[in-house]
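Please look over the sequence and the model shown here, and then follow the account below.

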Amino acid sequence: MNLRKDLQLIADLVPANARVLDVGCGDGELLDYLVNERGIDGRGIELSQKGVNECISRGLFVVQGDADNDLEEYPDQSFDLVILSRTLQAVHRPREVLLDLLRIGRQAIVTIPNFAQWKVRADLLFRGRMPVTKSMPQTWYNTDNIHFCTILDLFDLAEAEGLKVRAFVPHMRNGRRLDMGPKLANLMAEQALFLLEK
Amino acid sequence: MRPAAGKTATLFQDTPLALDGGAMLSPVTVGYETYGTLNEARSNAILICHALTGDQYVASEHPITGKPGWWERIVGPGKLIDTDRYFVICSNVLGSCLGTTGPWEENPATGKPWGTDFPVITIRDMVRVQAALLDHLNVDSLMAVIGGSMGGMQVLEWLATYPERLHSAVMLATAARHTAQNIAFHEVGRQAIMADPNWQEGRYYDTGARPEKGLAVARMTAHITYLSEDALTAKFGRNLQGREAVSFGFDADFQVESYLRHQGSTFVDRFDANSYLYVTRALDYLDIAGRHGGRLSDAFKGAAHVRCCVISFTSDWLYPTIENKRIVHALNAAGVPVSFAEIEAPHGHDSFLLDVQEMDHMLRGFIAAAARTRGLTGGIGA
């Protein structure tokens, strides 16, 4: 099974025998890999009916819902790890969602598109319009992304909330890792993965 | 009413059935149907639980109405629940009137029909009878138990009472308790029956007249709760029935009136009024969390190995999404693996019985995965 490279970055950080909740699990590609290749006890949350049906056909367990409305229904510390992939920037209350992830799970993996990458900055600087790039292909009026942030913003939020960043993996859309610290990554990386803990 | 055309089993002959209400019942007759063949490993059995006024004829012609089975769209050879692969069982619930013991049947102590001397029963009592039927059929465990509405409530009682006999469970458009509104509608129906002079305190079986008017009104009221305002508007609007203008009288001027009257009058041909009282009472008494100090999840503690699927429908106001989600949260909290979706459908509560493609997709995927994890592979009798 060939996992998408950016999903592989997440999968690599999932410990053996973990109980995992994938919030916004889409068609279940990552969960399928974790459950069926790695023997992990994984569950999903997905809003789209199409995604739910695809997950169920794969034999996965998925509850229809979204990060903004349905996380509160999960008991405290009921998972070892909660995953939120490229979704934090699209929720109404990102701070509350982030804290909810770490209420439900002992650890959380969050990936974000980086609004401070140089291509995005250049697009805004030279075109004077909201950036449309390959990793952010939608225009301002139809984008799902309502709370754009940068790599440094997420570091700041983690610090403000007393969260520990256990792993930081800046990478490109195709999953290629960038071996650099937060400041340079903030300029270079299209997206970044954070492994967070309370 | 009358004995079923089809299979019957006589159970609880030696050991009586101990009912939740405290009474003992012996023997208990069960009318049931089976489709397909039990495989050698006895691992391919699926129990389908029917709704309030449903019956065991899930995929075969109804002996009274002559209509096709109530879920033939889903159950049959080559269909979503493929009777070439699975051994499908469906039985008439306790208290109903198509071959299973109920108030219409002769009370062995008196030699006369029970009437309202029949003990009040619960959904869990119905499930106890189904479990005994499985023993009778030599089926230890089920690949799946499936039901919608009151059928889904039976599935919940299976999860709470006999989880060790389940591999997977599907609940459609259901609830783990009856709300005040649910009870209120049922009470209107029961009072309509009891207000019919032919009801005679339930002792009408040898009078030559049955409380058909009351039962028809009960059905008409209930039928409204199975639909949605949008569905009624789309189907009937204010259209008149076979006339150009209103009659300034009380005939069925409107199509919706004519439709409801038809629903009422055909229902009385196939259902017993006392059975209607007993089965609606069983629904009203349902409160699974109530038995567990208000914590529904405690009811499912033994079911962590059972693969579950819950489906609700957007336009269902009888057992709306919030009641179905309550079940999902409780299963989750009990560590039971569960999938859930609220499916977009305009038809109201009855959506689960109708052609809703997204439901089919979800069920097909879920049942295939249940069969895989049960060790059943493709092919007949596998």
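In this predicted model, helix α1 (residues 123-136) of chain B packs against helix α2 (residues 150-161) of chain B at an angle of about 70°, and their axes lie 9 Å apart. Since angles of 65 to 115 degrees count as roughly perpendicular, α1(B) and α2(B) are therefore roughly perpendicular to each other. On the α1(B) side, the residues that meet the partner helix are Ile123(B), Arg124(B), Met126(B) and Val127(B), while α2(B) brings Met153(B), Gln154(B), Glu157(B), Trp158(B) and Thr161(B). Taken by class, the residues of this contact of α1(B) with α2(B) comprise 5 nonpolar, 2 polar and 2 charged.

A helix pair can also be described between the chains. Helix α3 (residues 49-57) of chain A and α9(B) have axes that come within 7 Å and cross at roughly 20°, which makes α3(A) roughly parallel to α9(B). The crossing of α3(A) and α9(B) is left-handed. From α3(A), the contact is made by Gln49(A), Val52(A), Asn53(A), Ile56(A) and Ser57(A), and from α9(B) by Glu358(B), His361(B), Met362(B), Gly365(B), Phe366(B), Ala368(B) and Ala369(B). The contact of α3(A) with α9(B) has, by class, 6 nonpolar, 5 polar and 1 charged residues.

| Helix pair | Angle | Axes |
|---|---|---|
| α1(B) and α2(B) | about 70° | 9 Å apart |
| α3(A) and α9(B) | roughly 20° | within 7 Å |

Turning to the contact of the chains as a whole, 20 residues come from chain B and 13 residues from chain A. On the side of chain B that touches chain A, the elements giving two or more residues are α8 (321-333), β12 (338-343) and α9 (357-373) of chain B. Of these, α9(B) gives the most to that side, with 9 residues. The side of chain B that touches chain A has 11 nonpolar, 6 polar and 3 charged residues.

Within chain B there is also a division into domain 1 (7-179 + 287-373) and domain 2 (182-281). The C-alpha centres of domain 1 of chain B and domain 2 of chain B lie 26 Å apart, and 27 residues of domain 1 of chain B are in contact with 22 residues of domain 2 of chain B. The side of domain 1 of chain B that touches domain 2 of chain B has, by class, 13 nonpolar, 13 polar and 1 charged residues.

Key. Residues are numbered from 1 along each chain as its sequence is written. Chains are lettered from A and ligands numbered from 1 in the order in which they are written. This is a predicted model: local features need pLDDT of at least 70, side-chain atom pairs count only at pLDDT 80 or more; totals for chains, interfaces and linings use all residues. Domain bounds come from an automatic or database domain assignment. Two residues are in contact if their C-beta atoms, placed from the backbone, lie within 7 Å. Ala, Val, Leu, Ile, Met, Phe, Trp, Tyr, Cys and Pro count as nonpolar, Asp, Glu, Lys and Arg as charged, and the others, Gly among them, as polar. Helices (H or I, at least four residues) and strands (E, at least two) are DSSP runs, numbered from the N terminus. Axes are lines fitted to C-alpha atoms, for helices over the stretch in contact, and angles run from 0 to 180 degrees between N-to-C directions. Angles under 35 degrees count as roughly parallel, over 145 as roughly antiparallel, 65 to 115 as roughly perpendicular and the rest as oblique. A crossing is left-handed if the near helix is turned anticlockwise from the far one by less than a right angle, and right-handed if clockwise.
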